[in-house]
Amino acid sequence: PILTCCTGNWLERGGAWTRFFTPVAEIAFAMSDKKKSPQGYVGFANLPNQVHRKATKKGFEFTVMVVGESGLGKSTLINSLFLTDMYETRDYPPAQERIQKTVRVEATTNEIEEKGVRLRLTIVDTPGFGDAVDNTDSWAPILNFIDDKYEEFLNAESRVNRKKHSDDRVHVCLYFISATCHGLKPLDIEFMRQLQHKVNLIPVIAKSDTLTPEEVKEFKLRVLDDIDEAGIRIYHSQIDSEDDEETVEENTALEGAMPFAVCGSTDIIEVGGKQIRGRQYPWGIVEVENETHSDFSLLRSMLIRTHMQDLKDSTHDIHYENFRAARLSSMGGFEEGDDDVNPMTKFEEEKKNHVDKMERMEEEMRQVFQMKVKEKEKKLKESEQDLMRRHEEMARQLAEQKRELETKQRELEEARLAAASAPDKKGRKSQSRKF
């Protein structure tokens, strides 16, 4: 028989019990090598459902920026993507007014709901981009807008009492390229080069229904060649080996369709007894959601159905983190290689250094002040001594003048007395002679 205890086993041999041990390392390895599975239903498998209910109750936020020259169908495409009217009726200024027109950044936010899921959708438009004669630094207002949103998010995260704050960061930028069949313009290349490290860039060929299928394929290759040659980084759907076959096929199709050649329309046309969204031309009908006519459905699938969360994660984990690291580096003195440094520790060190520096400056100022006070006291003492000497000299002079005056006064009195006694003596002499 064998008796088992927590520290070893007891074995009976010849009427005596002997205790033997199994090495602890082997026991630990054997325990860790086994995958624990509960004997029955525990309930933590419902955790995804809990997360789903909480996320659905909270709602979602998504911000799309559209950039491109006027007249490329940006507003129509956005309305087609989300099946809602995001823009009011616009009055386009004449060409003469657009010569000196500057780029504006306008954000429009709508709350839309689908099957109980609420989405706070923000569309950021950039009217005036590429319309002026001189487009130098026309991307500066757009860059400032993106940085401002990152700054607002960073400030909200850095508050002592962090309350729920909305995520207004730009999650994706759709850059509309004019379908010219001649590749990218210098403005297109420079704009994407400036924004490639700030936001997820997705190039879109606007109004692709003006090109033949062969021209679309050729133009896509030219655009990709220009992007590669300029070293521009655009958004790519990640293909994970752990994904199922269907997901891999979808991501491969989306990657192969880049840049998306799209056309949008909010008009409903009846074709073969079915109502579709499309554009009516004299030579036929272009169906917006037909993949043989346009990449609209692929773009919508990427933005909404399959990669919306990935776009948000990429914005937060890559672009926002780059901005945050640069901002903290400029504020806290971080240097390259300080990725593992705790920001609070670094902040405390900088705070201590600052306090020490202020104390040194205060001590220096105190010493300077004391030196100046001593100099002032010395000057005041010298002035006081000089005044005392002058006072003593004036007092001495006054005393001498007083003595002189007293002497002259006595002499005057004596002279007056002498003058007064002289007639009396003469009168007495004359009388004595008469008698």
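Modeller: Before we start, a residue is called buried when under 20% of its relative accessible area is left, and please keep in mind that this is a predicted model.

Colleague: Okay, so why is H3 described as largely enclosed by the rest of the structure?

Modeller: Eight of the nine residues of H3 are buried, and therefore the helix is largely enclosed by the rest of the structure. The buried residues include Lys74 and Ser75 as well as Leu77, Ile78 and Phe82.

Colleague: And what do those buried residues of H3 pack against?

Modeller: They pack against strands E4, E5, E6, E7 (172-177) and E11 (274-281), and also against helix H8. Just after H3, Leu83 takes a positive phi of about 55°.

Colleague: Switching topic, how much space lies in the largest pocket?

Modeller: The largest pocket holds about 700 Å³ of space, and of the 22 residues lining this pocket, the closest to its centre are Glu114, Val117, Leu119, Ile304 and Met308.

Colleague: Which element gives the most to that lining?

Modeller: H8 does, with five residues, while H3 (74-82) and H9 (308-332) are among the elements that each supply at least two. By class, the lining of the largest pocket has nine nonpolar, five polar and eight charged residues.

Note on methods
Residues numbered from 1 in each chain as written. Predicted model: local features only at pLDDT ≥ 70, side-chain atom pairs only at ≥ 80, totals over all residues. Heavy atoms only, no water. 1 Å grid on protein atoms, 1.4 Å probe; cavity = no way out; pocket = protein on both sides within 12 Å on 5 of 7 lines; lining within 4 Å. Points joined across faces, edges and corners; volume = space filled by probe spheres on them. Helix = DSSP H or I, 4+ residues; strand = E, 2+ residues; numbered from the N terminus. Nonpolar A, V, L, I, M, F, W, Y, C, P; charged D, E, K, R; others polar. Buried < 20%, exposed > 50% of the residue type's maximum accessible area, 1.4 Å probe, protein only. Contact = heavy atoms within 4.5 Å.
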